Amino acid sequence: MKIADIHFLVVEDHVFQREALVAMLAGLGARHIAEAVDGRAALEAMRAQTIDTVISDLDMPGMDGMEFIRHVGEAGMPVSMILSSVHDRALIASVGTMTEAYGITLLGAIEKPVTPQKLAALIALHQLPVTPPPKAASVFFSEADISEALAARLFEPLFQPKVDVATGSPAGAEALARWYHPEQGIVGPYAFIPALEANRRIDELTWIMLEKAAAACRDWRAGGLDMTVSVNLSLRSLITVGIADRVTALVRAQDLEPKHMTLEVTETTAMTDLARVLENLARLRIKGFGLSIDDYGTGYSSLQQLSRIPFTELKIDQSFVMHAIEKNACRVILESSLDIAKKLGLKAVAEGVETRADWELLKGLGCDVAQGYFIARPMEAAKIAAWAAAWTERSSNLA
Ligand code: C2E
Ligand code: CA
């Protein structure tokens with residue numbers, strides 16, 4: 001969309017600053033600019049006319065920016081938003097996260113003073129589909145639907161490549177579950193993992209994933225690729241006595257050695273039966289499996305776990321990696337996670353590497369392994385060999 005066609009609304013209580021913003025927008029070529037002195041006046045303006053992009057201050061008498069954003073979000077008004085404030089970056093970033101949580105497309109946040117350059121860069125994003133797809137399940141599946149799908153083995157892994165940051169070589173791939181649903185198409189894990197966990201049927205999915213991932217990795221290795229495979233393991237599965245032996249037998253039955261598989265452990269609820277879980281994890285480690293602490297830095301993936309589980313790998317959550325460049329707090333968490341990994345002798349893996357800038361940053365910080373859309377999206381096992389050839393070519397230009 002051209003800037004001349006975008007309908008702007010400037011929400012700012014200071015007359016001088018509001019006029020400066022309006023003049024700046026006009027200077028950039030905007031032709032439709034409405035103004036409001038606080039959130040209440042802004043909502044009235046939005047009800048009365050078409051608005052595409054709102055530029056709002058946070059600190060205003062009357063209805064402040066945060067309350068205004070809540071009303072816009074709850075009313076489902078289809079606008080994009082730019083926030084501006086004199087407050088520090090951490091505060092603006094937090095309100096930015098809040099804005100996105102209300103389902104509003106956030107083009108970005110600007111620390112005052114606003115300049116035409118900063119403004120133009122954010123307005124340019126207006127035409128892009130910036131709202132990420134919702135993570136929550138949009139379709140509800142009953143226990144009966146899930147039982148049928150498990151019986152028919154409709155769950156399959158896709159594999160997302162991981163690469164060695166220093167050398168650029170393919171290092172492995174993570175198996176991510178997909179449900180090939182006859183009517184809904186390919187369904188992602190957020191729509192069925194919570195239901196499987198709640199119905200205590202997650203193990204059935206885990207067996208399918210372990211077997212198919214082991215077979216895929218065996219084939220890559222037979223084709224000359226020195227790659228490992230990672231499988232997500234819910235800690236709930238590790239309460240069962242004897243599970244470590246069963247996992248080992250299943251992987252060996254596919255002609256894969258345990259040392260070529262890493263189990264990524266995530267914990268979604270507080271751990272019960274700690275002793276049994278630790279027993280199983282210790283046994284898996286002794287058998288040779290790698291153990292990765294998944295989504296490190298979030299939820300229960302904590303320092304306490306690092307001290308009691310024999311991990312070999314620390315997987316830094318994508319929320320820190322993908323925002324490390326623009327959010328100082330994320331960068332600090334990323335750097336300290338890398339530092340902890342190094343001091344504990346763990347391999348550091350960054351997930352959610354989306355851009356070349358993310359890649360360069362990780363390289364500079366000495367991260368071991370990277371995974372994310374910049375490298376590749378999850379794909380079928382049979383496509384990994386072609387990807388590896390193409391990536392090797394591309395990565396030689398990244399050096
Ligand atoms: P996870 O283990 O943190 O996996 C990474 C998720 O981030 C995957 O989503 C992946 O497709 C996505 N992703 C990868 N790179 C990027 C990137 O650069 N940008 C962005 N925005 N996203 C990226 P997916 O496949 O939807 O998996 C979601 C979660 O479901 C996984 O998170 C994992 O916790 C769980 N899951 C997947 N498969 C299994 C499984 O077989 N068993 C269990 N227990 N959990 C699984
Ligand atoms: Ca994972």
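How many positive and negative side chains does the protein have, and how far apart do the centres of the two sets lie? After that, please show me the site of the calcium ion (ligand 2).

Guide: This is a predicted model, where local features need pLDDT of at least 70 and side-chain atom pairs 80 or more, while totals for chains, interfaces and linings use all residues. Residues are numbered from 1 along each chain as written, chains are lettered from A and ligands numbered from 1 in written order, and side-chain values use heavy atoms, without hydrogens or water.

Now the charges. The protein has 38 positive and 50 negative side chains. The centres of the two sets lie 5 Å apart. Lys and Arg count as positive, Asp and Glu as negative; His and chain ends are left out. Each charge is placed at NZ of Lys, CZ of Arg, CG of Asp or CD of Glu.

Next, the calcium ion (ligand 2). Donors are N, O and S atoms within 2.8 Å of a metal, or 3.2 Å for Na, K and Ca; water is not among the atoms, so sites may look incomplete.

The donor residues follow the spacing E-x57-N-x31-E-x29-D. Asn232 sits in strand β9 (residues 228-234) and Glu264 in strand β10 (residues 261-266), so this pair ties together parts 32 residues apart in sequence. A strand is a DSSP run of E, at least two residues long, numbered from the N terminus.

Terms used:
Helix = DSSP H or I, 4+ residues; strand = E, 2+ residues; numbered from the N terminus.
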